[in-house]
Amino acid sequence: MNLSDLLGKLSFVALVLFANAVFASPEIKHWTTSNGLRVYFVAAPEIPIFDIRLVFKAGSAQDGAKHGLANITSSLMDEGAGGLDANAFNEQLADTGASFSAGALRDMAWLSLRTLSDKQYADPAIALFKHVAKAPSFDEAAVERIKAATISRIQRDASSPGNTANKAIRRAVFGDHPYAHPTEGTEQAVPLISRADVQQFHRKYYVVDNAVLAIVGAMTRAEAEQLAESIAAEMPAGDKAPAIPAVQLLTDKRVEKLPFESIQSHVRLGMPGMKRGDKDYVPLFVGNHVLGGGGLVSILFDEVREKRGLSYGVNSYFAPSEQLGVFVASLQTDGSQADEALQVLLQTVQKFIDDGPPAERLEAAKQNLIGGFPLRVDSNREIIEYVAMIGFYGLPLDYLETFPAKVAAVDAAQIKDAFKRRVNLDKSAVVVVGKHSADGGDS
C-alpha cells in the first residue's frame, strides 16, 4: 500500500469516527393503530412540549386538472372546524398556547400542532387538531378569500424573472407530468376551483389509509399510542392515493428563451434527478454539494463568479420526490453576459460529470455535511419533519443514524459513476429569462 492509499484509508476511518462521535440519532419507534394509521414516534422528554405532524399523500400531484386544489385545501385548514368559525377556532387555539400549521408540497400535504405537554393545555389543543383533521368548515367566503389571495401571489410572482424561470424549467423538464405545474396553481386554474372541489378533495385524501402520523416530544410510548389511537379514531378510513406516474427522462436537448424586461437574465439548466430512497442518493447529494450546493465553496461558484465575475448567484440542487424530482443548476447574470455565463455553467457541469470531484473538495464537503448534520436535527420541530418524511416515503427507521457514516464512506469514483449515469447534458432543458437570449450551445 502506497502512502496516498494509506492516507486515504486513514481519512475515511477518521471521518467515520467523527460521524459517530458528533451525532446521536433520535430513536424512531413505529407501529400501526387499530384502524391502520401508520405512526412514527420519538420520545424527547427534555422540554415539556410535543409536536404532532399528520401527513397525507395529498400534494399538488393529486390536483388533476384543478391546478392549485391541494394548496387551496391546505390553506383553508385553519379557517374554522368542528362547528367553530375561523375567529372562534383561532381564539381557542390561542388560549391553549399551541401553534397550528398546514401546507402542501408536490407529494404531500400536512397538518402540524405544537403544544405544551401539560394536559391543561394539550387536551384542548389536540381536540382542535382533531376537528381540523376530520371536519374543516371550508366556508364559502373563506374559499373565495383564499383563492383571491392565491391569485394575487401568482400575479406577483409573474413579475419576478427568477420565479418565472423556476416555473419554466419545471414545465420544460416534466411536460404534462403532475410535477410540472406549480403547487400554488395557475392564474387560469385557481378561479375554477369550487368549495365542492375542496370538500371532495378533503374527503378523498385526508383519510387514515392515506396518512402517516409523526409524534415527537415529552411523552412515553404508551401515551403516544393512546394519542395516536384517539386521532385515528376521528378520521375516516378511505383509500391510499394511487402512485404518482413515473417521470420520463428527456430524450434530447432543448432550449427555451423567454423575453422579460429585466436587467438580469435568469438561467436554468434542468432534467429529472432522483427519487426519495434512491440508491444513488448519497453519491448525488454529496457530489452536488461539491458541484453547486455548497455555496461559496462550490465549484460552480468558483468558476462562474469568482474566476469570471459572470454571476450574482449560482448554485445547483436535487429535489428528490416520490418519482424522479428535478435537478437544476441555476444562475443569474447581467443580460449582456447570459451567453457566456451559460456556456461556463454547461462546461463546468460537464467537466464534473467527466472527472468527478477533486479529492480535497470532496473531503471538505464531507466534513462540512457531517459536521453540520446535527444542527439540522437539534430541535423537535426539525426532527418531526425528518420523522414524517421517513414515514411518508417508507425510508429505513435508522435513516438518520446511518446517514453521516454513508456520507463519510462515499468516494470520488462513486460520485463520478452516479453523475455519469444520472446527469446527461445532451438530454436536458435550458431556460433563459431576460432581455438577452442565450443559445445553450454545446457543453
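**Salt bridges, aromatic pairs and a charged patch**

Arg422 is buried, and Asp280 is buried too. In this predicted model, the two residues also meet in a salt bridge, with their closest N and O atoms 2.7 Å apart. Arg422 sits in helix H15 (residues 412-422) and Asp280 in the loop between strand S10 (264-272) and H9, so the contact ties together parts of the chain that are 142 residues apart in sequence.

Another salt bridge brings together the side chains of Arg361 and Asp302, at 3.1 Å from N to O. Here the partners come from two helices, Arg361 from H12 (residues 359-376) and Asp302 from H10 (residues 299-306), so parts 59 residues apart in sequence are tied together. Both ends are partly exposed: Arg361 has a relative accessible area of 24%, and Asp302 has one of 22%. Back around Arg422, salt bridges with shared partners join Asp278, Lys279, Asp280, Asp417, Arg421 and Arg422 into one network.

In total, the structure holds 22 salt bridges. One of them pairs Lys66 with Asp197, the closest N and O atoms lying 2.7 Å apart. This one links distant parts of the chain, with Lys66 in the loop between strand S3 (49-56) and helix H2 (69-75), and Asp197 131 residues away in helix H7 (residues 195-205). Lys66 is partly exposed at 27% relative accessible area, whereas Asp197, at 16%, counts as buried.

Turning to the aromatics, a search of the whole structure gives 16 pairs. Tyr281 and Phe285 make a stacked one, 5.7 Å centre to centre with 10° between the planes. The two are four residues apart in helix H9 (residues 281-293), so about one helical turn separates them. Tyr281 and Phe285 are both buried. Phe318 and Phe327, by contrast, form a tilted pair, with 4.6 Å between centres and 35° between planes. Phe327 is buried at 0% relative accessible area, and Phe318 also counts as buried, at 14%. Tyr281 and Phe285 belong to one aromatic cluster together with Phe373, Tyr386, Tyr399 and Phe403.

As for the surface, Asp85, Glu91, Asp95, Asp139 and Glu140 form a negative patch. Asp85 lies in strand S5 (residues 84-85) and is partly exposed, its relative accessible area being 47%. Ala168, in helix H6 (residues 161-174), is instead buried, with a relative accessible area of 0%. From Ala168 to Ala243 it is 75 residues in sequence and 25 Å in space, C-alpha to C-alpha.

Conventions. Residues numbered from 1 in each chain as written. Predicted model: local features only at pLDDT ≥ 70, side-chain atom pairs only at ≥ 80, totals over all residues. Heavy atoms only, no water. Patch = residues over 30% accessible without salt bridge, like charges linked within 9 Å, V, L, I, M, F, W, Y side chains within 5 Å. Areas by Shrake-Rupley, 256 points an atom, 1.4 Å probe, with all protein chains shown as cover. Salt bridge = Lys/Arg side-chain N within 4 Å of Asp/Glu carboxyl O. Lys, Arg positive; Asp, Glu negative; His and termini not counted. Charge placed at Lys NZ, Arg CZ, Asp CG, Glu CD. Buried < 20%, exposed > 50% of the residue type's maximum accessible area, 1.4 Å probe, protein only. Phe/Tyr/Trp six-rings, centres within 6.5 Å; stacked < 30°, edge-to-face > 60°.
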